Amino acid sequence: MNSFGQKLRFSTFGESHGVALGCILDGVPAGLKIDEKFIQSELDRRKPGKSEFETARKEADKVEILSGVFEGLSTGTPIAMVIYNTNQKSKDYSNIKDIFRPGHADFTYFHKYGLRDYRGGGRSSARETAARVAAGAIAKLMIKELGIEVKSGICEIDGIKSKNLNYEAAKKSIIFALDAEMEDAQKEAILNAKNEHDSVGGVSRVKISGVPVGLGQPLYYKLDGVLADAMMGINAVKAVEIGDGILSSSAKGSDNNDEIRSNGFESNHAGGILGGISNGDDIILNVHFKPTPSIFKEQHTVNTKNEELDFSLKGRHDPCVAIRGTIVCEAMAALVIADMCLLNMGSNMDGILKYYK
C-alpha cells in the first residue's frame, strides 16, 4: 500500500531516480493557513548533501503545491505536492543491475514483483520520505492550531548514548544531537565508520507535547499501535519504543505504574498513552534505525540467477541514516496525531452537538 491514515489520508508516489516524488494529502479541513515557507523549511531539514555526515547527493528538494490551496488557505480538497529529482547518478548503480545488495530490499522486491528498479532502490529508497515530510509539514501546521508540537533529536549513535535531552540544542546541531556534550563523540563515530567504508545505526527520540486526553481508537486503531506502525514504515527502522519501552519488561509494577494526583501523573513511564489512548502527558518515542545498508566494503551476495559472487558497492550514501530519519519520524508522528484529532471529534455526542448546534 502507498497510503496511510483514516480521516487524514496521504498517498505518496515516485522513485529515487525517477522524474519526481510527491504526495496527495486528503482530509485537510478547509481554512487552514498553508505556510509554504514552513513546508520548505521542513524539507530543508531532511534534504541530503548538507554536511560530511550525510550522502553527497545534492537535491534542492523544492516543493511545489499543485492543488488544494487557494490564496494561502486549504480548500478542503486534496492537496497535491511534487518534488522534482535533479541530482540522480543512475550510472552509479549499473554494476548492481542483476545483483542483490545485502541489507536492502532488492532481494524481496525482485522475488515479489519479478522485477525491480535498481537505480538507488527505486520505490524502496529512503528518498521517498521527502514526500512524507511535505505531508507531515501540513499536519504540523494543523496540530499547531491545537497547541500540539512535535520535536525530535538523536539520542544515540553507534551505542553512544545522550545523557541529557535538549530539543532546542538539537535544532542547532548538524546531526540533530540532543546532548551537546556527546555530539563530538557521535560525530567521530560516524566519520570513523565512513572512512572505513562502513556505517552506523542510531536512535531518534520523538516528543509530542500538548496532546489532549482521549486520542486513540481502541481496540484496533490504538494511538500507540498506529504510531509504532508509522515509525516502522520508515526505511531502516527496526524497533520502536513508547515511554520506557523495553525497560518496562524488567521493572516491577510498583515502579512502572504512573501514580496520579489531582494535578496529573507523577511520572511518565507509559510515554503518554494508556490503553491505546493519550492521557495528556508528553508522548515519548524512541525509534531505532539500523546502520545504512549501503556500504563500500566487499560483500558476499547472489545475482538474479542465484549465482554466488563478491561485489563492492558504488554511489553516494548516508553513513548514518538516523540523522535525516529523525525528521521523517517527526512528520509521521504529526500525521498520526492530526488524523487522531479528526477521528476523535465524533467519539461522543457532546462533540457532535458542539459542531452541529
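1. Let's start with Ser 294, which sits in the loop between β16 and β17. The strand labels come from DSSP runs numbered from the N terminus (helices are H or I with at least four residues, strands are E with at least two). Keep in mind that this is a predicted model: local features need pLDDT of at least 70, side-chain atom pairs count only at pLDDT 80 or more, and totals for chains, interfaces and linings use all residues. Residues are numbered from 1 along each chain as its sequence is written, and side-chain values use heavy atoms, with hydrogens and water left out.

2. Is Ser 294 buried or exposed? Ser 294 counts as buried because its relative accessible area is 8%; buried means under 20%, exposed over 50%, and partly exposed in between, with a 1.4 Å probe and protein chains only. Skipping residues up to four places away in sequence, Ser 294 touches Arg 101, His 104, Leu 313 and His 317. Here a contact means heavy atoms within 4.5 Å.

3. One of those neighbours deserves a second look. The side chains of Ser 294 and His 104 are joined by a polar contact of 2.8 Å. That term covers a pair of N or O atoms within 3.5 Å; within protein, one must be able to donate a hydrogen and the other to accept it, and residues adjacent in sequence count only if both atoms are side-chain atoms.

4. Now for Pro 291, found in the loop between β16 (283-289) and β17 (299-302). Pro 291 is partly exposed because its relative accessibility is 41%. Leaving aside neighbours within four places in sequence, Pro 291 is in contact with Ser 199, Val 200 and Gly 201.

5. Both residues also turn up in a record: an unreviewed UniProt entry gives the annotation "binding site" to a list including Pro 291, Ser 294, Arg 123, Asn 235 and Arg 316. The annotated residues spread over 194 residues of sequence, and in space they reach up to 43.6 Å between C-alpha atoms. Among them, Asn 235 is included in the lining of the largest cavity. A bit of caution: UniProt positions follow the numbering used here, feature names are shortened, and annotations may be inferred rather than shown by experiment. As for the cavity, picture a 1 Å grid over the protein atoms alone: a cavity is a set of points where a 1.4 Å probe fits but cannot get out, and lining residues have an atom within 4 Å of a point.

6. Where does Arg 46 lie? Arg 46 is in helix α1 (residues 36-46), and UniProt, again in an unreviewed entry, places a "binding site" feature there. Arg 46 counts as buried because its relative accessibility is 3%.

7. With 12% relative accessibility, Gln 40 counts as buried. Beyond residues up to four places away in sequence, Gln 40 touches Ala 60, Asp 61, Lys 62 and Val 63.

8. Last, the rings. The structure has five aromatic pairs. Phe 4 and Phe 10 make a tilted one, 6.1 Å centre to centre with 50° between the planes. Rings of Phe, Tyr and Trp (its six-membered ring) pair if their centres lie within 6.5 Å; planes under 30 degrees apart are stacked, over 60 edge-to-face, and the rest tilted. Phe 4 is buried at 17% relative accessible area, and Phe 10 is buried at 4%.

Technical notes
1 Å grid on protein atoms, 1.4 Å probe; cavity = no way out; pocket = protein on both sides within 12 Å on 5 of 7 lines; lining within 4 Å.
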